[in-house]
Amino acid sequence: MKLIIGMSGATGAIFGIRLLEVLKPIENVETHLVMSPWAITTIKEETNYELKDVKNLADHHYSDKDLGAAISSGSFNVDGMIVAPCSMKSLASISIGLADNLITRAADVMLKENKKLILMARETPLNQIHLENMLKLSKMGVTIFPPMPAFYNHPKDLNEMIDHIVYRLLSQFGIYQLPKEKVWTGLNQHK
């Protein structure tokens, strides 16, 4: 499986990083990473990760300015793309076909090739423009995947909350990493 991982400048860089960490040891998954300039800034502001270490988590990485990269063409066959996190700017650009950087171009390719595209939209509260762009993309088959925490699994800390969201995200591609004890199996009936 080949997956494009885009990271835009919204808060929540840890989601893209953790996604890459989880995918790294999976032998049959090849990752192609693109980070916007603001994603790079956000990584530095929000995490203790070095940029080189994030790049090394991916099998391939590209500059967001490299519109000639392999992933900018539908002839380079991939299984899908995840933008995590996805800023409202990137989401809006994708919704109108403004392929002015490699993240939005690769997303445009996913749309034209009918490949799976998942956007981890990061913003709150949402205004009407955000909602209309999300609805428009959803009608095109894009999965809008805001990182909503779950509490039924009794997370012990922020890392468990992040992992749960990342594992749910990967399940969209048939990659099931969620520990069995964290899967919802119905309400526990106590007598």
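Biologist: In strand E5, which residue is the bridge partner of Ile82?

Modeller: Let me start with the general idea. Strands of a sheet pair through backbone hydrogen bonds, either parallel or antiparallel. In this predicted model, the bridge partner of Ile82 in E5 is Ile118. Val83 has a partner in E5 too, namely Leu119. E4 and E5 run parallel, and 5 bridges join them.

Biologist: Now let me put the strands together. In what order do they form the sheet?

Modeller: The order is E3-E2-E1-E4-E5-E6, giving an open sheet of 6 strands with parallel pairing. At the edges are E3 (60-63) and E6, each of which pairs on one side only. Helix H5 packs on this sheet and touches E1, E2, E3, E4 and E5. The direction of H5 makes about 140° with that of E4.

Biologist: Is E4 mostly covered or mostly open?

Modeller: E4 is mostly covered, with 7 of its 7 residues buried. To read a strand, look at which way its residues point. Gly80, Ile82, Ala84 and Cys86 point one way from E4, and Met81, Val83 and Pro85 point the other way; all of them are buried. E5 is mostly covered as well, with 5 of its 6 residues buried.

Biologist: How should I think about buried nonpolar residues?

Modeller: In soluble globular proteins, nonpolar side chains tend to be buried together. Here, the largest nonpolar core has 32 residues, and those touching the most other members are Ile5, Met7, Leu19, Leu23, Leu33, Ile82 and Ile175. Two or more residues each come from E1, H1, E2 (30-35), H2 (37-46), H3 (51-57), E4, E5 and H7. H1 provides the largest share, 7 residues. There is also a second, separate core of 24 residues, which includes Val83, Ile94, Met110 and Leu119.

Biologist: Leu33 was on that list. Which residues is Leu33 in contact with, leaving aside its neighbours within four places in sequence?

Modeller: Leu33 is in contact with Ile5, Met7, Leu20, Val54, Lys55, Ala58, His60, His61 and Tyr62.

Biologist: Next, helices. What do I look for when two of them pack?

Modeller: Two packed helices are described by the angle between their axes and the distance between the axes. Take H1 (residues 13-23) and H7 (residues 158-171): their axes come within 10 Å and cross at roughly 65°. The crossing of H1 past H7 is right-handed.

Biologist: Which residues meet there?

Modeller: From H1 come Ile14, Phe15, Arg18, Leu19, Val22 and Leu23, and from H7 come Ile162, Asp163, Ile165, Val166, Tyr167, Leu169 and Leu170. By class, this contact has 11 nonpolar, no polar and 2 charged residues.

Biologist: Finally, what about the backbone angles?

Modeller: Most residues other than glycine have a negative phi, and most peptide bonds are trans. With that in mind, look at Ala84 and Pro85, which are joined by a cis peptide bond with omega about 0°. Pro85 lies in strand E4. Another cis peptide bond joins Thr124 and Pro125, with omega about -10°. Pro125 is found in the loop between E5 and helix H6 (128-139).

Biologist: And where do Asn114 and His154 lie?

Modeller: Asn114 is in the loop between helix H5 (102-112) and E5. Its phi is positive, about 55°, although Asn114 is not a glycine. His154 sits in the loop between strand E6 (143-144) and H7, and His154 has a positive phi of about 50° although it is not a glycine.

Biologist: Why does Asn114 count as exposed?

Modeller: Exposed means over 50% relative accessible area, and Asn114 counts as exposed because its relative accessibility is 71%. His154, at 63% relative accessibility, counts as exposed too.

Technical notes: Residues numbered from 1 in each chain as written. Predicted model: local features only at pLDDT ≥ 70, side-chain atom pairs only at ≥ 80, totals over all residues. Heavy atoms only, no water. Buried < 20%, exposed > 50% of the residue type's maximum accessible area, 1.4 Å probe, protein only. Helix = DSSP H or I, 4+ residues; strand = E, 2+ residues; numbered from the N terminus. Pairing = 2+ DSSP bridges. Axes fitted to C-alpha atoms, helices over the stretch in contact; angles between N-to-C directions. Left-handed = near helix turned anticlockwise from the far one by under 90°. Contact = heavy atoms within 4.5 Å. Nonpolar A, V, L, I, M, F, W, Y, C, P; charged D, E, K, R; others polar. Core = buried A, V, L, I, M, F, W, Y, C linked by side-chain atoms within 4.5 Å.
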